[in-house]
Amino acid sequence: MFTIVERSELNPTVTKLVVKAPLIAKKAQPGQFVILRACADSERIPLTIADQDPAAGTVTVIFQVVGAGTMQLNGLAVGDALHDFVGPLGRPTELEGLKKVAVVGGGVGCAIAYPVAKKLHEMGCVVHTIAGFRSQDLVILEDEFKAVSDRFILMTDDGSRGEKGVVTKPLEELIAAGEGYDEVIAIGPLVMMKFVSLTTKKYNVKTIVSMNPIMIDGTGMCGGCRLTVGGQTKFACVDGPDFDGHLVDFDEALQRGGMYREFEAHAREESCNLLNKEVR
């Protein structure tokens, strides 16, 4: 039922899929996610909805190929169907009443930041977007962001595209120059969101981050996606994924996020070996 109707590679490691899912397309809001399985024996992968078209009945997801599960997902073609595609899950990003917002995206997190910026733009909000990538080869959604941003700043670690440096540099410059943001919304790697939050805390600017911890069932039953926020345990799948960045225990989240790195590397190696055997 969940047929892939469009597939494109945004950069060497990031792929966009447009999936036929009319009920999800009708109800989804920015910030919500789906959990999918490529095949019956695939792992469950949570992906934030990058876009949706209720008229066409389609949902767009963008993912980075990093492990065995995403390698399997990346092997699907237009016309193939996903085994599972469940959603929308999580709480939508709260955007009502915002007049001026800085949206900060990092790497593949820009796929999550884009629908937020787009919705804010449609609401008449002033949107300043800062998007950061390691190099020009990894830049995604530049034209899409420009279309929904009153100001767009592109950063790369090596200076190969846009300005050289990390996203906190222009963000702090803008805040210090008097840009009165109602809110900063940061979406990307944990370490990026941590330092964005540390930067904005100095200026007392409310900051929302989108957390993506290890997640299994997406309903709050397994407890795998637990986080410490303001000294309390929260579950990203039902309490989030958005949280106050000034209250999130990022050090704990970073530690838990690396728990299965060795296992994932082994699974990826096995998948690569299987693919090599198939090629022969």
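**Exercise 1. State in which hand helix H5 passes helix H6, and describe how the two helices pack.**

Step 1. H5 passes H6 in a right-handed crossing; a crossing is right-handed if the near helix is turned clockwise from the far one by less than a right angle, and left-handed if anticlockwise. The model is predicted: local features need pLDDT of at least 70, side-chain atom pairs count only at pLDDT 80 or more, and totals for chains, interfaces and linings use all residues. Residues are numbered from 1 along each chain as its sequence is written, and side-chain values use heavy atoms, with hydrogens and water left out.

Step 2. Helices (H or I, at least four residues) and strands (E, at least two) are DSSP runs numbered from the N terminus. H5 covers residues 168-176 and H6 residues 190-201; their axes are 10 Å apart, at an angle of about 15 degrees. Axes are lines fitted to C-alpha atoms, for helices over the stretch in contact, and angles run from 0 to 180 degrees between N-to-C directions.

Step 3. That angle makes H5 roughly parallel to H6 (under 35 degrees; over 145 is roughly antiparallel, 65 to 115 roughly perpendicular, the rest oblique).

Step 4. Thr-168, Leu-171, Glu-172 and Ile-175 in H5 meet Phe-195, Val-196, Thr-199 and Thr-200 in H6, where contact means heavy atoms within 4.5 Å.

**Exercise 2. Give the strand order of the open sheet with mixed pairing, and identify its edges.**

Step 1. The order of the 7 strands is S11-S10-S9-S8-S12-S13-S16; two strands pair if DSSP finds at least two bridges between them.

Step 2. S11 (163-164) and S16 (242-244) each have a single partner strand, so one side of each lacks a neighbour in the sheet.

Step 3. Within the sheet, S8 (residues 100-106) and S12 (residues 183-187) run parallel and are joined by 5 bridges. Gly-105 stands opposite Ile-187 in S12.

Step 4. Helix H3 (residues 110-122) packs on this sheet, touching S8, S9 (126-133), S12 and S13 (207-210). H6 lies across S8, S12 and S13, at about 165 degrees to S12.

**Exercise 3. Describe the open sheet with antiparallel pairing and the helix that packs on it.**

Step 1. Its 7 strands follow the order S6-S1-S2-S5-S4-S3-S7.

Step 2. The edge strands, S6 (81-82) and S7, each pair on one side only.

Step 3. S1 and S2 (residues 14-20) pair over 6 bridges in the antiparallel sense, and Asn-11 stands opposite Val-14 in S2.

Step 4. H3 packs on the sheet, touching S4 (45-53) and S5 (58-64); its direction makes about 35 degrees with that of S4.
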